[in-house]
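I have kept them to a few numbered points, to be read alongside the structure itself.

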Amino acid sequence: MLQTAADPTARTRTDPCKITVRGKDGAELVFEVNRNDMLLKAAIEQGIDYPHNCRVGVCGTCKTRLVNGRVSPMVDLALSPLTNEQIEAGFVLACQAKVRTDLVLEAKLGGGAMLPVKTVPARVVRWHKLPGEVIDLRLALETPVPFNAGQYCTIAESGSFTRRSYSYYDTPAADGSGASEIGFLVKRLPGGKFSEWLFAEDRSGVKFWVEGPFGVMGVDDFDRDGLCVAGGTGLSPILSIVGDRLRKSKTAKFTIVFGVRTAKDIFANDRLNALLAEGGDRVRLVTILSHEPAGSSWTGPRGLVTAALDETLGIDYAQTAAFICGNLGMVEAVEKRLIGLGVQADRIHADKFVPSGTP
Ligand code: FES
């Protein structure tokens with residue numbers, strides 16, 4: 001039967017769909033989204049504590065079992081982080097699922113990281129070049145915004161459609177109040193539009209929009225010792241997580257394994273030294289160099305970060321929580337290595353940096 005605009009039974013592209021999410025503990029959450037909305041985005045916009053991290057189909061944190069209803073996946077699930085078993089069991093990625101009908105879902109809600117996502121104007125108050133082609137970028141926010149350690153936000157120069165996501169390196173306020181300044185470590189990406197623009201000259205005073213916070217990496221395993229593995233500017237959320245946990249736990253100890261190319265590329269020494277001073281014997285740093293010239297005066301470990309992860313670290317891998325940040329290949333290699341060393345899979349918290357241009 002043909003439907004006309006006046007037909008009260010007509011379904012529009014945006015009429016509401018009822019979403020029922022069942023948690024493992026039997027709790028049930030019901031909310032509505034518009035048909036054709038992206039499931040995760042719509043949930044986050046309503047302040048729902050939906051598990052997520054990358055929001056671009058890479059990390060797998062938003063995996064959700066579709067019990068009833070229909071979604072359109074925006075990625076080929078066979079190329080996603082979901083295993084064949086998970087796909088066969090009906091799992092989808094909420095960040096890549098366009099809602100087509102009412103849905104009944106199973107997901108691990110309530111990780112506790114969800115803070116209201118806000119979009120606020122900001123301006124650059126620090127643009128400082130560090131070794132290793134990294135910029136320490138700080139923005140003053142017009143309205144303070146709270147965030148959790150390990151989270152990230154999206155920034156865009158005012159008037160530009162180019163957005164980039166960066167993790168906060170600051171320790172969030174102990175009382176949960178909003179930050180009026182936030183800082184990031186930005187690695188130069190040769191040929192990257194935003195990166196080349198940012199590195200071309202001092203951008204102090206430039207206006208930005210900031211949207212966030214996003215991500216759930218740093219919300220579990222307080223009071224457990226932490227092994228933190230950072231590849232390059234993956235150090236940013238590690239600084240935030242360790243700083244936060246030193247204050248929230250009286251006992252947890254942290255080993256930071258920091259991988260850079262050469263001794264000349266070591267950056268953020270001031271922030272690392274401040275953390276070491278604050279933590280005393282509760283924090284230690286292992287810097288490992290992947291491309292240090294043979295015969296240099298460097299006496300520390302050499303190789304990829306995985307080479308530093310073994311029994312000689314003296315870590316009780318079966319009891320530790322791991323936090324890994326860096327590019328996708330590095331994070332996956334470290335995850336595999338840590339599982340081989342006995343770290344429990346559900347204690348591995350990862351932030352996989354997605355290259356610029358990934359849809
Ligand atoms: S895969 Fe969906 S949030 Fe990362």
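1. The model is a predicted one, and in it the protein chain has six helices and 18 strands. The radius of gyration of the chain is 22 Å, close to the 21 Å that the globule rule gives for 359 residues, so the chain is as compact as a globular protein of that length. Along the principal axes, its C-alpha trace spans about 80 × 50 × 40 Å.

2. Of the 359 residues, 37% count as buried. Among contacts in the chain with a separation of 6 or more, 70% are accounted for by residues 24 or more positions apart.

3. The domain assignment divides the chain into domain 1 (16-106), domain 2 (118-214) and domain 3 (226-353). The centres of domain 1 and domain 3, taken over C-alpha atoms, are separated by 32 Å, and the contact between these two takes four residues from each of them. On the side of domain 1 that touches domain 3, there are three nonpolar residues, one polar residue and no charged residues.

4. Asp170 is found in the loop between β11 (163-167) and β12 (179-187).

5. Leaving aside neighbours within four places in sequence, Asp170 is in contact with Ala179, Ile182, Gly183 and Ser240. Gly47, by contrast, lies 123 residues from Asp170 in sequence and 23 Å from it in space, C-alpha to C-alpha.

Key: Residues numbered from 1 in each chain as written. Predicted model: local features only at pLDDT ≥ 70, side-chain atom pairs only at ≥ 80, totals over all residues. Helix = DSSP H or I, 4+ residues; strand = E, 2+ residues; numbered from the N terminus. Contact = placed C-beta atoms within 7 Å. Domains from an automatic or database assignment. Nonpolar A, V, L, I, M, F, W, Y, C, P; charged D, E, K, R; others polar. Rg over C-alpha atoms; globule rule 2.2 N^0.38 Å. Buried ≥ 20, exposed ≤ 12 C-beta atoms within 10 Å, placed from the backbone.
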